[in-house]
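Work through the exercises below with the sequence and coordinates open. Each task is followed by a solution in steps.

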Amino acid sequence: MTNHHTHDSRDEAVSEPGVAEPTRLGNHSVLFVMAADAEYGPHLMKRFTPFMTGVGPVEAAVELTAALAELEARGRRPDLVVSLGSAGSRALEQTAVYQATSVSYRDMDASPLGFEKGVTPFLDLPATLSLPLRIPGIREATLSTGADIVSGAAYDAIAADMVDMESYACLRACTRFSVPLVVLRGISDGKAELHHVDDWTEYLHVIDEKLAAAVDRLGEALGEGLLKT
C-alpha cells in the first residue's frame, strides 16, 4: 500500500460534519460515499473520510446532490464518486466484495399505466442503467436499489445479483453533474432470513477489510490508467 491511500492524502481536513471533501487517489479527486457509520470500519478509516448520506434512496439522492452542487460551486467537483458499503445477496459469496456492472431501481413500478416495471415515467431511461467503469481483479455483479430490506423469499422478485438501498440514487445524482460512479459492495447477508440488526452487522468488520483492499486496487488502477471503460 502506498501513502496516497492514507488519511494524509485528503485534499483538506474535514472541518465539520456533513461536508463533502474528495480524497486524492491515483492523482484523481475521488468522493467516497457511504450510508451508515456501521459500515465504516478501521481499515477504511485509514484510507479516506466518506461523505455520509444516510440510509435509503431518498436520503442518498438528496444529500449527494446537495454535496455535488456545493463542491461544483467551490470549483472542486470530483473526478469520480465511489459508492461503497454492504449489500445483500442469497446467490453471491457472503463477505466477498463485488463491483456493480449495472443498477436498477426496484421501487419504481408504473406498470398499471403501461410502463415497464422499473422505468421511471417520462424520464427516457431504461429500467437497468449500466456502470461502465471496471476495476481490474474485482468480481462483478448486477445491483438492485430500493428502500426495502430484502430477505428470504423477497429475493424471488429480484433479477439482480445483489441488493442495496442507495446506489441507484447516487448514480442519478452523479449523472446530473456528469461525474462517473463506481459501486463497491461487500455481501453482508442474504443466505438466511434477517431477524435483527445484528444479522446485518455480524460480518461488517470482515467486509471493511475487504473493501479497503478494493479501494487500494482502485487507487492502483487510477494511478496506472487501468480503470477500464
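**Exercise 1.** Decide whether R185 and D164 are buried or exposed, and describe how they are paired.

Solution. The model is a predicted one.
Step 1: R185 and D164 both fall in the buried class.
Step 2: the two form a salt bridge, with 2.9 Å between the closest N and O atoms.
Step 3: this pair connects distant parts of the chain, since R185 lies in strand β9 (residues 181-189) and D164 in strand β8 (residues 162-164), 21 residues apart.
Step 4: salt bridges with shared partners also tie E21, E70, R74 and R76 into one network.

**Exercise 2.** Find which side chain makes a polar contact with the side chain of T145, and characterise the surroundings of T145.

Solution. 
Step 1: locate T145 in strand β7 (residues 139-145).
Step 2: the relative accessible area of T145 is 0%. Buried means under 20%, so T145 is buried.
Step 3: the polar partner is D164, at 2.6 Å from side chain to side chain. D164 is also the salt-bridge partner of R185.
Step 4: with neighbours within four places in sequence set aside, the contacts of T145 include V103, S104, Y105, R106 and D107, and also D164, M165, E166, S167 and Y168.

**Exercise 3.** Classify S102 by accessibility and list what S102 touches.

Solution. 
Step 1: S102 belongs to strand β5 (residues 97-105).
Step 2: a relative accessible area of 10% makes S102 buried.
Step 3: not counting residues up to four places away in sequence, S102 touches T128, L129, S130 and L131, together with A141, T142 and L143.

**Exercise 4.** How many salt bridges does a search of the whole structure find, and what sets D216–R47 and R134–E140 out as examples?

Solution. 
Step 1: the search returns 8 salt bridges.
Step 2: in one of them, D216 pairs with R47, the closest N and O atoms lying 2.9 Å apart. D216 sits in helix α5 (residues 204-224) and R47 in the loop between α1 (42-45) and β3, so the pair links distant parts of the chain, 169 residues apart.
Step 3: D216 and R47 are buried.
Step 4: R134 pairs with E140, with 3.5 Å between the closest N and O atoms. E140 has 46% relative accessibility and therefore counts as partly exposed.

**Exercise 5.** Determine where the buried residues of α2 lie around the helix axis, and what they pack against.

Solution. 
Step 1: α2 (residues 57-73) has 17 residues and spans 24 Å from first to last C-alpha, close to the 24 Å expected at 1.5 Å a residue.
Step 2: P57, A60, L64, A67, L68 and L71 are the buried residues of α2.
Step 3: an α-helix has 3.6 residues a turn, so residues three or four places apart point the same way.
Step 4: V58 and A73, on the other side of α2, are exposed.
Step 5: the buried residues of α2 pack against β2 (28-34), β3 (51-52), β4 (80-88) and α3 (167-176).
Step 6: just after α2, G75 has a positive phi of about 70 degrees.

Note on methods
Residues are numbered from 1 along each chain as its sequence is written. This is a predicted model: local features need pLDDT of at least 70, side-chain atom pairs count only at pLDDT 80 or more; totals for chains, interfaces and linings use all residues. Side-chain values use heavy atoms; hydrogens and water are left out. Helices (H or I, at least four residues) and strands (E, at least two) are DSSP runs, numbered from the N terminus. The expected span of a helix is 1.5 Å times one less than its number of residues. Buried means under 20% relative accessible area, exposed over 50%, partly exposed in between (1.4 Å probe, protein chains only). The arc is that of the directions from the helix axis to the C-beta atoms. Contact means heavy atoms within 4.5 Å. A salt bridge is a side-chain nitrogen of Lys or Arg within 4 Å of a carboxyl oxygen of Asp or Glu. A polar contact is a pair of N or O atoms within 3.5 Å; within protein, one must be able to donate a hydrogen and the other to accept it, and residues adjacent in sequence count only if both atoms are side-chain atoms.
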